[in-house]
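The stops below say what to select and what to look for.

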Amino acid sequence: MGMGKDLAERFPAAREAFAAADEALGVALSRLAWDGPEDELTLTHNAQPAILVHSLAVFVVVCDAVGPVVASGHSLGEYSAYATAGSLEIADAVRLVRRRGELMLEAGQQRSGTMAAVIGLDADVVEAVCQSESGGGHVVVAANFNAPDQTVISGDPDAIERAAEQLRAAGAKRVLPLKVSGAFHSPLMMPAQIGLRNELDEIDLRDPAFPVIANVTGDTVTTADEARRRLGEQLTAPVRWVASMRRAATLVDGDTSFVEIGPGNVLAGLLRRIVPERTVVSLGTADQVTAFLEQHG
């Protein structure tokens, strides 16, 4: 809880971003993000727009100092990336991701699924094990290529359990179950994907002002048509984060820092493992943003 409250209190532009989200949804998302209750905030159709608006609240404050040349976001964060690039208005973005969360929750209720993080094993080994344990109506796939030594698997609970045993035998240091409401970025999300594509068809998307790297390809998107297509593929396709960060590193010179916006610093940690020669700063709190502006303003 408290997501972005300090930002809204210190920066008028951040406060306006939260107010715009509240108006777009017709509910007090800001109050839920700041004060809870936590069990309601963590529901995916609430958490997704709350995380997105937190990220955008940071961006509207630091955008002039950042001067972005390329953007990327992990799963939900890809919507934040398109919003920072001007492809999505904040009102459309929060409505879209709220609907995305509802569709994902519904798909998870229709067919129970889960996910697990595999630590300390090459991605190609993880993929091979997933292929061997899928079949006969049971699904397990590599869903998030987060770092060279971290891959998340997604699918039916029994297939995940069998794959976990094989992955440990293959040398994985750990296989950690994730607390999720469905098998995201797997074929089990097909019902959600169909609904999301319908929503995307109704949204006003514009060409991004700077390239956005798509999760499903790990390569740049420069047109609204491709953005709509790639977002429509995202729910059942893996997040190719390693490829995305390596591609981003080729688009900026060696002195350019990566900036993580929004709650937490997970992506900064992953980046240091993917392209360790690059610098990264995480901006999520008012104090972090103030220090960044003092240095770069």
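Select S244 and show its surroundings: leaving aside neighbours within four places in sequence, S244 is in contact with S72, I213, A214, N215 and G218, contact meaning heavy atoms within 4.5 Å. S244 lies in helix α12; helices (H or I, at least four residues) and strands (E, at least two) are DSSP runs, numbered from the N terminus. S244 counts as buried because its relative accessibility is 0%. Buried means under 20% relative accessible area, exposed over 50%, and partly exposed in between, with a 1.4 Å probe and protein chains only.

This is a predicted model, in which local features need pLDDT of at least 70 and side-chain atom pairs count only at pLDDT 80 or more, while totals for chains, interfaces and linings use all residues. Residues are numbered from 1 along each chain as its sequence is written, and side-chain values use heavy atoms, with hydrogens and water left out.

Next, colour α12 (residues 241-251) and α13 (residues 266-274). The two helices pack at an angle of about 75 degrees, and their axes are 10 Å apart. Axes are lines fitted to C-alpha atoms, for helices over the stretch in contact, and angles run from 0 to 180 degrees between N-to-C directions. α12 and α13 are therefore roughly perpendicular to each other, the term for angles of 65 to 115 degrees (under 35 is roughly parallel, over 145 roughly antiparallel, the rest oblique). To see the contact, show W241, V242, M245 and R246 of α12, which meet L267, L270, L271 and I274 of α13. The residues of this contact divide into seven nonpolar, no polar and one charged. Here Ala, Val, Leu, Ile, Met, Phe, Trp, Tyr, Cys and Pro count as nonpolar, Asp, Glu, Lys and Arg as charged, and the others, Gly among them, as polar.

Is N265 buried or partly exposed? N265 is partly exposed, with a relative accessible area of 49%. Not counting residues up to four places away in sequence, N265 touches E260 and S282.

A142 stands opposite I153 in β4. On to β2, which pairs with β4 in the antiparallel sense over six bridges; M115 stands opposite S154 in β4.

Finish at α8 (residues 123-133), where V126, V129, C130 and E133 are buried. They are on the same side of α8 because they cover an arc of only 100 degrees around the axis, the arc being that of the directions from the helix axis to the C-beta atoms. After α8 comes G135, whose phi is positive, near 140 degrees.

How values were computed: Two strands pair if DSSP finds at least two bridges between them.
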